Amino acid sequence: MNQCLYEGKAKEVGEMTQAALAEGRSVKEILEEGLIAGMSVVGEDFKHNILYVPEVLICARAMKAGMLVLKPLLSAKGDPSAQTGRLLMGTVRGDLHDIGKNLVCMMAEGAGFEVKDIGVDQSIEKFEAATVEFKPDIIGMSALLTTTMTYMKVVIDGFDRPGRDHIKMAIGGAPISQMFADEIGADGYGSDASSAVDLFLYLVGKGPAPVAHARKGVTVKDAVPASPVARPPGAKSKIQILYWQDIPSQLKVWDDFEEVKLDMPTRFADRIDAQAQRLGLTAGDAYMAELRWGDEQERAGVPGEVAAAVRQELAAALP
Ligand code: B12
């Protein structure tokens with residue numbers, strides 16, 4: 001299942017999830033060792049520029065196919081009259097990651113919470129409007145980017161006023177830590193879906209204080225690896241730049257011996273997010289449709305050096 005998820009085979013992942021259930025495997029095992037473990041390999045390879053955004057999106061679809069099969073089991077409630085609390089969930093502004101949020105929603109439903117999921121890319125205004133209508137006990141915010149996690153504080157500060165301050169604020173997502181939660185004044189942080197549920201139960205007074213699990217920080221790719229092979233004098237490298245509309249997002253430089261892929265500095269991702277937001281291109285497919293590789297170019301030097309130089313030039317051209 002890990003391998004099929006990595007290869008983005010949604011149909012197979014769905015079928016394997018069904019088969020694993022039929023074999024009597026637990027939902028927890030399928031979720032953690034089948035789906036989440038597969039996605040963490042995808043995440044590692046994404047980090048090291050082995051996979052690119054379009055491929056990751058295809059893997060994400062495969063993960064969702066498995067989650068769809070598990071959903072009725074994860075969100076099955078015991079006694080429907082015993083409602084545990086009301087949870088409003090959303091991914092914050094500028095952020096399109098929703099797999100983790102969806103998982104948290106399913107498991108919270110399974111624990112008896114009434115859940116309203118307002119989706120991805122949500123501003124404080126959207127959280128406020130949903131609060132008026134839904135009257136949550138807890139607002140859960142998800143963020144997967146270091147550039148969007150800061151928006152959680154905007155929402156927390158916005159809710160810190162009379163009539164709203166009884167609502168508990170919970171946060172989570174790959175770059176989030178307990179330290180960050182404390183720093184921005186959140187009521188709690190959960191490192192995965194089951195700790196999220198423990199946290200929610202605690203926040204509505206129905207469970208013990210959860211023990212915070214630390215998780216590793218997220219690093220942004222910007223280091224250039226040293227070249228392992230000596231080249232003849234005058235050797236050239238090929239260059240291609242991945243643009244989101246006209247904004248460079250990543251670059252790839254290669255020769256016969258190696259390939260180096262680099263992300264642009266995070267302010268480029270910020271700019272892309274802001275532009276996508278302005279144009280309303282926030283759904284996964286609409287966002288992806290704006291990515292395109294530029295023409296192939298050539299330059300003297302080994303890939304590592306050329307990549308660093310091109311990145312610097314691109315960065316200087318767009319302050
Ligand atoms: C899938 C994915 C994508 C998909 C998202 C598809 C989708 N529908 O969600 C696509 C391809 C669209 C994508 C795009 C991008 N991505 Co992306 N993506 C990932 C990836 C590989 C996996 C995320 C995931 O689904 N994990 C599995 C779920 C189950 O885990 P989770 O989200 O962490 O959720 C769990 C917990 O965090 C917690 N939790 C989550 N939310 C909440 C909320 C609460 C309240 C609580 C208590 C708990 C909780 O419980 C969850 C369940 O266990 C990560 C790598 C990673 N390891 O995280 C990169 C990653 C997050 N992406 C990254 C980047 C850079 C991007 C892009 C900017 C790339 C680009 N150049 O365009 C864009 C940004 C688009 C945008 N504006 O959001 C970086 C972020 C780096 C950084 N420092 O910010 C990462 C870390 C990859 C990397 N290492 O470089 N991405």
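Predicted model: local features only at pLDDT ≥ 70, side-chain atom pairs only at ≥ 80, totals over all residues.

Reader: Where is the place of Lys 135, and what is its phi?

Author: Lys 135 is placed in the loop between α6 (124–134) and β3. Its phi is near 50°, which is a positive value in a residue other than glycine. Gln 245 also is not a glycine and has a positive phi, of about 50°. Gln 245 is in the loop between β6 (236–244) and β7. With 14 other C-beta atoms within 10 Å, Gln 245 is partly exposed.

Reader: Is Ile 272 buried or exposed, and what is it in contact with?

Author: Ile 272 counts 23 other C-beta atoms within 10 Å, so it is buried. This residue belongs to helix α10. If neighbours within four places in sequence are left aside, its contacts are Trp 244, Ile 247 and Ser 249. Ile 272 and Gln 245 also illustrate how sequence and space may be read together: they are 27 residues apart in sequence, and their C-alpha atoms are 8.4 Å apart in space.

Reader: How many bridges join β7 to β8?

Author: Five bridges join these two strands, which run antiparallel. Within the pair, Gln 250 stands opposite Asp 263 of β8.

Reader: In which sense do β1 and β2 pair?

Author: β1 and β2 pair in the parallel sense, over five bridges. Here Gly 85 stands opposite Phe 113 in β2. Strand β1 (residues 85–91) is mostly covered, as six of its seven residues are buried. In strand β2 (residues 113–117) one finds Lys 116. Lys 116 is partly exposed, because 18 other C-beta atoms lie within 10 Å. Not counting residues up to four places away in sequence, Lys 116 touches Leu 88, Ala 130 and Phe 134. Between Lys 116 and Ile 139 there are 23 residues of separation in sequence and 9.6 Å in space, C-alpha to C-alpha.

Reader: What is the general idea behind a nonpolar core?

Author: In soluble globular proteins, nonpolar side chains tend to be buried together. In this model the largest nonpolar core has 61 residues, and those with the most contacts inside it are Leu 5, Met 107, Ala 108, Met 152, Ile 171 and Phe 200. Helix α4 gives the largest share of this core, eight residues. The core lies between domain 1 (1–81) and domain 2 (83–215), because both give residues to it. Another core, of ten residues, lies apart from it and includes Ile 239, Leu 251, Ala 307 and Val 310. As for Leu 5, its contacts beyond four places in sequence include Val 13, Leu 35 and Met 63.

Reader: Into which domains is the protein divided?

Author: The division is into domain 1 (1–81), domain 2 (83–215) and domain 3 (220–317). The C-alpha centres of domain 2 and domain 3 lie 34 Å apart. Their contact takes six residues from domain 2 and eight residues from domain 3. The side of domain 2 that touches domain 3 consists of two nonpolar, three polar and one charged.

Reader: Which residues come nearest to the ligand, and how does the shell around it divide?

Author: Of the 46 residues around the ligand, Gly 43, Gly 100, Ser 142, Gly 172 and Gly 190 come nearest. The shell divides into 25 nonpolar, 15 polar and six charged residues. Its largest share, seven residues, comes from α3. Among the elements that each supply at least two residues are α3 (27–47), α5 (99–110), β4 (168–172) and α10 (266–279).

Conventions: Residues numbered from 1 in each chain as written. Helix = DSSP H or I, 4+ residues; strand = E, 2+ residues; numbered from the N terminus. Buried ≥ 20, exposed ≤ 12 C-beta atoms within 10 Å, placed from the backbone. Contact = placed C-beta atoms within 7 Å. Near = placed C-beta within 6 Å. Nonpolar A, V, L, I, M, F, W, Y, C, P; charged D, E, K, R; others polar. Core = buried A, V, L, I, M, F, W, Y, C linked by C-beta atoms within 7 Å. Domains from an automatic or database assignment. Pairing = 2+ DSSP bridges.
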